[in-house]
Amino acid sequence: KSYSMIFFSQKVLRKLPGNYTFVIVTDRVELDNQIYNNFVKVGAVTEEEIRAESGEELKKLLRENHRHIFTLIHKFHNRNSNEPYPVLSERSDIIVITDEAHRSQYDQLALNMRNALPNAGFIAFTGTPLIAGEEKTRSVFGDYVSIYNFKQSVDDNATVPLYYENRIPELQITNAQLNDDLQDVIDSAMLNETQEKKLEREFAREYHLITRDDRLEKVAEDIVLHFMGRGFHGKAMVVSIDKAAAVRMYDKVQEHWKRHIYRLEKSLERAADDKEREEIQEKIEYMKTTDMAVVVSPGQNEIADFREKGLDIEPHRRRMNTEDLAEKFKNPYDPFRIVFVCAMWMTGFDAPAVSTIYLDKPMRNHTLMQTIARANRVFGEKVNGLIVDYIGVFRDLQKALAIYGAATDGSIDEGDMPVKEKSELINIVREAIDELHSFCKELGVDLKSLKDADSQDTINLIADAADAIIVNDHKKKRYLLLSNRVHQLYKAMLPDKAATEFQSEVMLIVTIARKIREETGEPADISEVMEQVEKVLDKSISAKGYVIREPIASTEHLIDLSNVDFDTLRMQFEKGRKRIQADKLRNAISRKLTVLVQMNKMRADYLERFQKLIDEYNAGAYNVQLFFDKLVAFAQELNEEEKRTVRENLTEEELAIFDILTKPDIELPEKEKREVKKVARDLLKRLKDEKLVIDWRKRQQSRAQVVTTIRDMLDEGLPRTYTPELYENKCDLVYQHIFESYYGQGRSLYVRGGSNFQKQ
């Protein structure tokens with residue numbers, strides 16, 4: 001939403017003549033900070049003193065020449081409520097951008113803002129307009145300019161899909177005659193009419209039912225089991241009906257957390273083997289390092305109020321006051337993994353690592369939509385967010401989605417619901433596996449027969465399957481993409497018992513993908529290529545000696561071109577699986593070439609030739625034998641290029657500048673070549689010793705000094721063969737190379753962790 005504001009303001013400034021000022025108005029300090037920082041990060045705002053802290057300051061800023069001003073709606077508070085808010089500016093080129101067009105934009109403060117800026121234009125950006133029976137947003141700001149709804153964002157992969165899982169405790173639905181029983185209570189107590197209505201209101205809110213101790217106990221126990229059984233270990237938010245329930249739920253989850261650790265420690269003693277022991281130990285370590293916290297708004301006399309309910313808010317309030325819990329929770333690597341809330345962090349709070357919302361609070365319409373959207377942010381391996389419903393909000397969720405997830409005409413089909421029941425994942429996993437089966441069959445690989453094969457043959461059959469799949473880049477990448485999708489969807493199902501149906505098949509699919517990656521050196525597309533699911537699945541593929549090798553990060557299967565014996569390599573090719581051997585060599589060349597070109601951009605022609613070779617093979621111009629021969633020849637050529645530093649008596653850094661000065665087609669006699677080499681050495685030494693200071697690229701004066709040094713030394717040292725036009729061109733190219741490669745104070749592209757990047 002804030003980026004849409006940035007795009008809008010920048011497009012107006014770029015396309016329309018005029019001296020426009022955009023006043024960005026929010027209703028919370030944290031939103032103001034977030035939006036201002038986003039404008040700064042993309043370079044739309046470079047000024048600092050443009051955040052109005054008062055009406056007077058806003059008036060001052062509007063008189064000045066600012067493109068953007070940031071303020072809060074509360075700054076339009078009028079001390080004298082009997083008089084209209086004074087006019088701050090009569091300019092007609094002010095455009096007010098309102099964030100989250102909710103109730104604060106419809107009351108007295110909003111009227112004051114319009115009185116203060118009588119000729120301004122107003123536009124609102126909101127994720128959840130108030131439209132359910134109120135039509136407030138549209139009536140205040142006019143008709144919609146653009147609608148980008150919940151479903152569209154999922155279709156565009158801007159957010160991940162959400163799945164809904166109903167886990168209402170049995171306790172909540174055992175009494176189907178609740179209304180009749182309630183009437184019996186009223187009759188037997190002989191309550192008066194006022195008392196009857198009060199009691200009915202209390203039960204209508206379901207508060208007493210929701211907060212019953214035995215019910216909360218069941219929910220807390222289920223949260224622990226569910227959280228630890230998930231496939232993707234994202235962070236979680238537990239949403240309770242009020243502050244007291246949030247603290248009570250925290251206490252109960254803590255207790256069941258300890259019990260679960262105790263059970264794991266007991267099972268550790270009974271572990272069948274080292275592998276099982278390692279898995280259990282990892283879970284114990286994860287649980288022991290997990291941090292939890294309560295985040296609720298402060299209230300008057302809260303310590304006494306909580307104490308009356310048998311709860312202690314003090315340690316929680318202390319953490320909220322002394323720690324930046326929001327930043328900790330947003331940090332995916334921080335062990336703060338579960339937060340207990342009732343109202344805070346429900347809007348304007350982005351923590352992409354959140355994957356699960358445990359919902360134990362009745363909600364409707366825009367509040368419900370804002371809450372579940374905490375789990376739909378794109379993050380790493382997360383393929384979906386999950387709403388675990390302990391309260392029964394599905395009917396309200398359907399109504400909310402009909403409003404906020406609908407098409408622009410307000411309609412929505414059942415099949416288009418952007419939030420689906422989790423049980424639908426079973427069919428999606430099955431479809432993904434079927435798609436992979438069909439793809440493999442086209443390549444002569446029958447996954448079903450491979451799954452049923454004798455375990456002693458499994459290793460060879462998997463290698464044969466991997467070799468058959470690597471027909472070309474397209475086929476290889478397609479398999480890796482499809483297998484990765486199957487794996488992610490399978491993890492998303494956990495801890496559902498229905499996942500057992502797919503266990504052995506997923507293991508086979510994933511193992512073939514691993515074989516392709518480890519044998520060819522193909523880099524993994526994901527950060528946690530196998531992790532927990534594979535540890536469970538490893539046992540099912542072969543009980544007799546099949547060992548899952550270490551991830552690709554090891555160098556066991558990689559070819560070092562610098563030391564390769566090409567005759568031995570050819571023998572391995574003839575004896576082994578040819579496609580795997582060719583792909584292994586191709587990836588080794590790719591790694592080597594990446595390093596060489598990174599150090600010296602003038603080697604880009606090698607990159608072009610290599611890409612052409614790959615494209616021709618993928619198009620079917622060569623069979624695998626001819627492709628391998630061409631790769632060997634190219635690898636030998638690269639080795640010779642790497643040795644050129646020795647032949648030219650230059651370091652890699654000096655050679656890069658020398659090549660810039662002499663390529664692509666400058667023919668020089670030997671004497672003049674020596675002069676150019678001297679220029680390259682001297683220039684590099686001078687710059688590194690004197691000019692490439694810390695943050696030199698950020699300072700205009702430092703950059704200018706580097707440019708001057710380059711021009712002076714090239715002018716003085718280059719042979720007269722270089723014409724004025726050629727000299728100007730080389731000065732520009734050398735500066736561009738220096739700017740891209742050297743960061744100041746000894747840090748450069750050629751140095752990694754204090755050691756030289758190049759091979760000595």
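Me: Where in the chain is Arg 644 placed?

Reply: Arg 644 belongs to helix H28 (residues 644-648). Helices here are DSSP runs of H or I with at least four residues, strands are E runs of at least two, and both are numbered from the N terminus. Before we go on, this is a predicted model, where local features need pLDDT of at least 70 and side-chain atom pairs count only at pLDDT 80 or more, while totals for chains, interfaces and linings use all residues. Residues are numbered from 1 along each chain as its sequence is written, and side-chain values use heavy atoms, with hydrogens and water left out.

Me: What makes Arg 644 count as buried?

Reply: Its relative accessibility is 10%, and buried means under 20% relative accessible area (exposed is over 50%, partly exposed is in between, with a 1.4 Å probe and protein chains only). Arg 644 therefore counts as buried.

Me: Which residues does Arg 644 touch, and which side chain does it join in a polar contact?

Reply: Not counting residues up to four places away in sequence, Arg 644 touches Asn 600, Leu 655, Asp 659 and Lys 663; contact means heavy atoms within 4.5 Å. The side chains of Arg 644 and Asp 659 are joined at 2.5 Å. A polar contact is a pair of N or O atoms within 3.5 Å; within protein, one must be able to donate a hydrogen and the other to accept it, and residues adjacent in sequence count only if both atoms are side-chain atoms. The Arg 644 and Asp 659 pair is listed as such a polar contact.

Me: What kind of peptide bond joins Lys 663 and Pro 664?

Reply: A cis peptide bond, with omega about 15 degrees. Pro 664 is in the loop between helix H29 (652-662) and helix H30 (670-691).

Me: Why are H10 and H11 called oblique to each other?

Reply: Helix H10 (residues 213-229) and helix H11 (residues 243-269) pack at about 50 degrees, with their axes 8 Å apart. Angles under 35 degrees count as roughly parallel, over 145 as roughly antiparallel, 65 to 115 as roughly perpendicular and the rest as oblique. H10 and H11 are therefore oblique.

Me: What is the handedness of the crossing in which H10 passes H11, and which residues of H10 and H11 make the contact?

Reply: H10 passes H11 in a right-handed crossing. A crossing is right-handed if the near helix is turned clockwise from the far one by less than a right angle, and left-handed if anticlockwise. Among the contact residues are Leu 216, Val 219, Ile 223 and Phe 227 of H10, and Met 249, Val 253, Trp 257 and His 260 of H11. By class, the contact of H10 with H11 has eleven nonpolar, two polar and six charged residues.

Me: What makes H11 roughly antiparallel to H12?

Reply: H11 and helix H12 (residues 274-289) pack at about 160 degrees, with axes 10 Å apart. That angle makes H11 roughly antiparallel to H12. H11 passes H12 in a left-handed crossing. The contact includes Trp 257, His 260, Ile 261 and Leu 264 of H11, and Ile 280, Ile 284 and Met 287 of H12.

Me: How do you know whether Ser 153 is buried or exposed?

Reply: Ser 153 has a relative accessible area of 8%, so it is buried. Ser 153 lies in helix H6 (residues 150-155) and touches Tyr 148, Ala 158 and Thr 159, leaving out residues up to four places away.

Me: And Asn 157, buried or exposed?

Reply: Asn 157 has a relative accessible area of 62%, so it is exposed. Asn 157 is in the loop between H6 and strand S5 (162-166), and its phi is near 65 degrees, a positive value in a residue other than glycine.

Me: What is the phi of Trp 345?

Reply: Trp 345 has a positive phi of about 65 degrees although it is not a glycine. Trp 345 is found in the loop between strand S8 (336-341) and strand S9 (354-360). At 12% relative accessibility, Trp 345 counts as buried.

Me: What makes Met 713 count as buried?

Reply: Its relative accessibility is 18%, so Met 713 counts as buried. Met 713 is in helix H31 (residues 700-717). Met 713 and Leu 683 are 30 residues apart in sequence and 6.6 Å apart in space, C-alpha to C-alpha.

Terms used:
Axes are lines fitted to C-alpha atoms, for helices over the stretch in contact, and angles run from 0 to 180 degrees between N-to-C directions. Ala, Val, Leu, Ile, Met, Phe, Trp, Tyr, Cys and Pro count as nonpolar, Asp, Glu, Lys and Arg as charged, and the others, Gly among them, as polar.
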